[in-house]
Amino acid sequence: MSSTQTASLEASLQQGAQTLGITLDQQQQQQLLAYLNLLAKWNKVYNLTSIREPAQMMTHHLLDSLAVVPAFAAAENVLDVGAGGGLPGIILAIWASKAKPAMRVSMIDTVHKKTAFLTQVKAELGLSNVSVHTARVEQLQVAQKFDVITSRAFAELADFINWSAHLLTDDGQFIALKGVKPDQEIARLPAGWEVTEIKPLAVPGLDAERHLIFIKRSKQ
């Protein structure tokens, strides 16, 4: 990337984070820009995202994932299902490294080239709070269950819950990142689960609908 392009991306990141009310120190900003650079570089060979332009990656991926960070403020142990190129998992981990040092972020994907990329990002950015799994989520077994399980454009809500509910603590919650409010998917939720909140998001520089869907086990 040229120095002009890097400066422009840096300005977009600073302005976007400020608009979202998220504090990032110099190191975190550099880590996010380094991640964007790695994503753009690996994308040429591994096709991690259909978006090719770094400026578009900034709004559609980085700021889009930064916008959800406040929803994870109380989380301790997070699983990102179908993590792909690391959205929102890597972004969350970079934020948490300073804001919530005790938070752990695990990411799982079935595609080895994607988890190879995530492992490389973890190493290059020094993210000690990250774990990467190559597996189907329904087959994953862990010693400690997750209090939050998230996904971004992974699957229909019913599948997301059915495949990963065994990994969620009893009082934990799913936080699904969706575009347009998925009313039909919500209507098809499995028995024993309920939506506790639907939160619209405004992403700086992105003129598209975004919603967070919070789901917990029904109290009855």
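**Residues, sheet and pockets**

Me: Which helix does serine 164 lie in?
Reply: Helices are DSSP runs of H or I with at least four residues, strands are E runs of at least two, and both are numbered from the N terminus. Serine 164 falls in the run that covers residues 157-164. That makes the helix α6.

Me: Quick ground rules before I go on: the model is predicted, so local features need pLDDT of at least 70 and side-chain atom pairs pLDDT 80 or more, while totals for chains, interfaces and linings use all residues. Residues count from 1 along each chain as its sequence is written, and side-chain values use heavy atoms, without hydrogens and water. So, is serine 164 buried or exposed?
Reply: Buried means under 20% relative accessible area, exposed means over 50%, and partly exposed is in between, with a 1.4 Å probe and protein chains only. Serine 164 comes out at 0%, so the label is buried.

Me: Which residues does serine 164 touch, beyond those up to four places away in sequence?
Reply: Contact here means heavy atoms within 4.5 Å. For scale, valine 148 is 16 residues away from serine 164 in sequence and 11 Å away in space, C-alpha to C-alpha. The residues serine 164 touches are Val137, Ile149 and Phe174.

Me: What about lysine 100: buried or exposed?
Reply: Lysine 100 sits in the loop between α4 and β2. Leaving out neighbours within four places, its contacts include Phe72, Glu76 and Trp95. Its relative accessibility is 16%, so lysine 100 counts as buried.

Me: How many bridges join β1 to β2?
Reply: β1 (residues 77-81) and β2 (residues 104-109) run parallel. Leucine 79 has serine 106 in β2 as its bridge partner, and aspartate 80 stands opposite methionine 107. The number of bridges is 5.

Me: Which residues of β1 point the other way from Asn77, Leu79 and Val81?
Reply: In a regular strand the side chains alternate between the two faces of the sheet. In β1, 5 of the 5 residues are buried, so this strand is largely enclosed by the rest of the structure. Opposite to Asn77, Leu79 and Val81 point Val78 and Asp80.

Me: Which element gives the most to the lining of the second largest pocket?
Reply: On a 1 Å grid over the protein atoms alone, a pocket is an open set of points where a 1.4 Å probe fits, with protein on both sides within 12 Å along at least five of seven lines, and lining residues have an atom within 4 Å of a point. Of the 10 residues lining the second largest pocket, those nearest its centre include Ala40, Lys41 and Arg52. Both α2 (26-46) and α3 (54-66) supply at least two lining residues. The top contributor, with 5 residues, is α2.

Key
Two strands pair if DSSP finds at least two bridges between them.
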